[in-house]
Amino acid sequence: MTEATVPFASAAAASGPEYVETPVAYDGILLAGFGGPEGQDDVIPFLRNVTRGRGIPDERLEEVAHHYRHFGGVSPINAQNRALKAALEAELARRGIALPVYWGNRNWTPYLADAVTEAADEGDTTLLAFATSAYSSFSSCRQYREDFARVLEETGLDRSVTIDKIRPFYDHPGFVESFVEGVRAAVETFTADGAAPSAIQVLFTTHSVPTDDALRSGPRDVDWGTGGAYAAQHEAVAAWVMSRVAELLPVAAEVPWELVYQSRSGPASQPWLEPDICDVIEELPGRGRTAVAVVPLGFVSDHMEVLWDLDTEAKEAAADAGLAFVRTPTPGVSASFVAGIVDLIEERLEGRPAADRRHVTSLGPAFDVCRPGCCENIRAGFKPAAAGIAP
């Protein structure tokens, strides 16, 4: 591999521009997922993969495994990514874009190494990756980039295959449209049932991350405030969603909202982003709320953190608090989301100028090429990563 500012990159991205405004003739799309078990025997091996390098014993992993075992050991995420792959292929074909879609996961079969090897065997060596996480943080962006680099090096394809990555898409209209519709429908349902708008609470929820990781999320030369780019991006999108819902349904302007967090793990001594969703739900009756709409703003599809942490635990917390409860949809394979992904692909195929790229908040559009030190994991240090300026 030749030395470059951005390793493993296409020629257009190799010098590290914030936005790649030069057309790139990609010959394949890499759909990069998290992965999940598809049977009871898969659960512990899958969790070992997720926690590799952290020395967590199986008995502690079993404490998390019961979430999957409750659903027969099957995470819905692989089926959802199969559906997303098929939907992307159909939308690409509809637009006349002749690009194959290769699907690989970070933590379970089919693995990223299998997908990249398959692409190379087919002669598709200039890949554009879409990771199924919308925001800037170590776990939702840089970790995917590190896995791309690791896979290229381990397979020996680092001299022949390049991988660029689609920008964080947190405020692309294709991603956020489902949340707008979900909040609007929830407010309409609650008010139709007699709830006053001010008694309805909207909770936008996302996966909690360690506070140290959050503070280091996003480009390092931007003052993102408390919570780094990760929290700032969620706050900006939530505010936009509520303003858009109020345009469509004026009564929604009276509905209070808040950003909360879920699914934290790790030792209690390590600070993570708060407040926790179930703690907030418990407090809502004391605030005069009678209904709660939970909006999974940080998630692309209904995977385990949605089915267990929201549809089970948060729903039970709402019932215990005597609150009416609605969990709004994730984007999934909605037409707007799939079309939005292909719009993001077209950006890079065309080298679309940043000024012409779609986004709904003042924070976007996010950069195509991650900046130096972006989304550092201070516990593990910097590892080689694709689609960004080293380190």
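Okay, let's start with a helix pair: helix 6, residues 173-192, packs on helix 12 at an angle of about 165°, with the axes 7 Å apart. Because anything over 145 degrees counts as roughly antiparallel, helix 6 is roughly antiparallel to helix 12. Those axes are lines fitted to C-alpha atoms over the stretch in contact, with angles from 0 to 180 degrees between N-to-C directions. Helices here are DSSP runs, H or I, of at least four residues, and strands are E runs of at least two, numbered from the N terminus.

Quick caveat: this is a predicted model, so local features need pLDDT of at least 70 and side-chain atom pairs count only at 80 or more, while totals for chains, interfaces and linings use all residues. Residues are numbered from 1 along each chain, and side-chain values use heavy atoms, without hydrogens and water.

So who meets whom? On helix 6 we've got Gly-174, Phe-175, Glu-177 and Ser-178, and they meet Ser-336, Phe-337 and Gly-340 of helix 12, contact being heavy atoms within 4.5 Å.

His-207 sits in strand 5, and Glu-305 in helix 10. His-207, at 23% relative accessible area, is partly exposed, that is, between buried (under 20%) and exposed (over 50%), using a 1.4 Å probe and protein chains only. Glu-305 is partly exposed too, at 21%. Glu-305 touches His-207, Gln-262, Ser-263, Phe-299 and Leu-310, leaving out residues up to four places away in sequence.

Conventions
Parallel < 35°, antiparallel > 145°, perpendicular 65-115°, else oblique.
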